Amino acid sequence: EEICRIPVPGGAKIMHAAILIDGRTVFLGDDFPEFCGGKSTSPNALGGTPVTIHRYVEDCDAAIKRAQQAGATVQMPAEDMFWGDRYGVVRDPFGHSWSFATHISDPTPEEIAKAAEAAFAHTEVH
């Protein structure tokens, strides 16, 4: 839910905005290279982001669909994961990565370890 938005004069960019996510305020703003030594700091300009904003939600599939309808690109469709969540990832139009999960089961630590081993059996992780 949008709380407020303050555009720069002329309205080309958003200087400051605030939204509510699950009753918590999140502050946002557009990229301003002119105040960062001429360098863009957006994930799109940097070629990606090492950060994923993760949210537990009531319905992971619905959250991903809503994000997609708002312009996000699905990076990983929702699926049931070995650690007990239904989980998926989107990238918003600015390049930020968002993951959504809905808790669906409670595997034991041993079951998780065994499933992780199987999941990564054909992947070389460094």
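Predicted model: local features only at pLDDT ≥ 70, side-chain atom pairs only at ≥ 80, totals over all residues.
Reader: How many strands are in the open sheet, and in what order?
Author: The open sheet has three strands in the order 1-2-3, and their pairing is antiparallel.

Reader: Which strands stand at the edges?
Author: Strand 1 (2-7) and strand 3 (24-28) do. Each has a single partner strand, so one side of each is left without a neighbour in the sheet.

Reader: And what does the twist average from one strand to the next?
Author: The average is 15°.

Reader: How many bridges join strand 2 to strand 3?
Author: Five bridges join strand 2 (residues 14-21) to strand 3, and the two run antiparallel.

Reader: What is the bridge partner of isoleucine 19 in strand 3?
Author: Isoleucine 19 has valine 26 as its bridge partner there.

Reader: Switching topic. How many salt bridges does the structure hold?
Author: Five. One of them is between the side chains of arginine 55 and aspartate 22, at 2.3 Å, N to O.

Reader: Where in the chain are arginine 55 and aspartate 22?
Author: They lie in distant parts of the chain, 33 residues apart. Arginine 55 is in strand 4 (residues 52-56), while aspartate 22 is in the loop between strand 2 and strand 3.

Reader: Is arginine 55 buried or exposed?
Author: Arginine 55 counts as buried, at 16% relative accessibility, because the cut-off for buried is under 20%.

Reader: What about aspartate 22, buried or exposed?
Author: Aspartate 22 counts as exposed, at 62% relative accessibility. The cut-off for exposed is over 50%.

Reader: Which side chain meets glutamate 2 in a salt bridge?
Author: That of arginine 5, with an N to O distance of 2.5 Å. Glutamate 2 itself is partly exposed, its relative accessible area being 44%.

Reader: Next one, aspartate 80. Which side chain does it meet in a salt bridge?
Author: Aspartate 80 meets arginine 86, at 2.9 Å from N to O.

Reader: What are the relative accessible areas of aspartate 80 and arginine 86?
Author: Aspartate 80 has 49% and is partly exposed. Arginine 86 has 23% and is also partly exposed.

Notes
Residues numbered from 1 in each chain as written. Heavy atoms only, no water. Pairing = 2+ DSSP bridges. Helix = DSSP H or I, 4+ residues; strand = E, 2+ residues; numbered from the N terminus. Axes fitted to C-alpha atoms, helices over the stretch in contact; angles between N-to-C directions. Salt bridge = Lys/Arg side-chain N within 4 Å of Asp/Glu carboxyl O. Buried < 20%, exposed > 50% of the residue type's maximum accessible area, 1.4 Å probe, protein only.
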